[in-house]
Amino acid sequence: MIIEAGLIGKKRGAMGHDQNQTLRKKKCCKRPKVVRVPRERSVTLQKLFLGCKDAFKGLGTVPSPDDVQMLQHILDKMKPEDIGLHSDLLFFNHINGANGTPSVTYTTTIYQCKNFSLSLFFLPNNGIIPLHNHPGMTVFSKLLLGSMHIKSYDWIDQDHKSDDPKSDDPALSTKQRLARLKTDKVFSAPCDTSILYPTTGGNIHEFRAVTPCVVLDVLGPPYSSEDGRDCTYYRDLPYSSISGGTLSKEQGEEKSYRWLEEIETPKESNMEWIEYRGPQITETNPLDLLTM
């Protein structure tokens, strides 16, 4: 796979980069002409790619604790420059609608195969990626730029059904399930990598941009409707909104629980794809790292 450089740079097009920008090597009379076309590279991005190849084994598998720690270590150290971004990116000045209402969220794929994908999400101020799930997937999210509010949930384990006195309520919709709040806070870059697993860690989450944001997502395996990994969207309802029963005798315990109701794909989930023109990934020979 060939990925062109040029995602960073002064604003000349709608995406914050020069569509016509090319890289050229200066001639030198004392050296032989270099035939190979130079391309921008990132050692950190290459290490992440190689780490993902080792960690993600395919459908139905979860990376080992050692592999999770390895990927987390790489991502925690990643900077915007490692994928061709800079902190004063002008991209966000051109994706806000009237009165400051965000129009769309942009996404770009750095790399994708059957076992994993590397993607970037660009959110304008107040931009939203609605509450959604990651069926059978392990996900690493690295906030590279900006501040973002993340809310996440995990489904209540069926073994704990006794803690869910309303689960047998005949009035309860089959599209409503009880979930426990995992995360509800604002994160600002630089910060630690967020990790979620198929059944724990906040598998259902929502992103809301407090300031313009860029997020690097590592999904293993990626979404696939053919393999039953379609994205489902939800809205959260207060536990007390459905009558009957008391979850816990402990005061305030209900604040940790919500009913998640499956909904149609919300308009806020519409994203526009943009071409990735940042540092390339080398698939053929890991020893290329030595020449970077």
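Q: Which residue forms a salt bridge with aspartate 227?
A: The general idea goes like this: side chains of opposite charge can pair when their charged atoms come close. In this predicted model, the partner of aspartate 227 is arginine 229, and their closest N and O atoms are 3.7 Å apart. That counts as a salt bridge because the cut-off is within 4 Å.

Q: Is aspartate 227 buried or partly exposed, and what about arginine 229?
A: Here you look at relative accessible area, where buried means under 20%. Arginine 229 comes out at 5%, so that residue is buried. Aspartate 227 has 46% relative accessibility and is therefore partly exposed.

Q: How many salt bridges does a search of the whole structure find?
A: It turns up 4. Another one of them joins the side chains of glutamate 206 and arginine 208, at 3.1 Å from N to O. Glutamate 206 is buried at 13%, while arginine 208 is partly exposed at 39%.

Q: Which residue does glutamate 261 pair with in a salt bridge?
A: Glutamate 261 pairs with arginine 235, and the closest N and O atoms there are 2.5 Å apart.

Q: Which strands do glutamate 261 and arginine 235 lie in?
A: Find strand 11, residues 257-263, for glutamate 261, and strand 10, residues 233-238, for arginine 235. The two are 26 residues apart in sequence, so this pair ties those parts together. As for accessibility, glutamate 261 is buried at 15%, and arginine 235 is partly exposed at 45%.

Notes
Residues numbered from 1 in each chain as written. Predicted model: local features only at pLDDT ≥ 70, side-chain atom pairs only at ≥ 80, totals over all residues. Heavy atoms only, no water. Buried < 20%, exposed > 50% of the residue type's maximum accessible area, 1.4 Å probe, protein only. Helix = DSSP H or I, 4+ residues; strand = E, 2+ residues; numbered from the N terminus.
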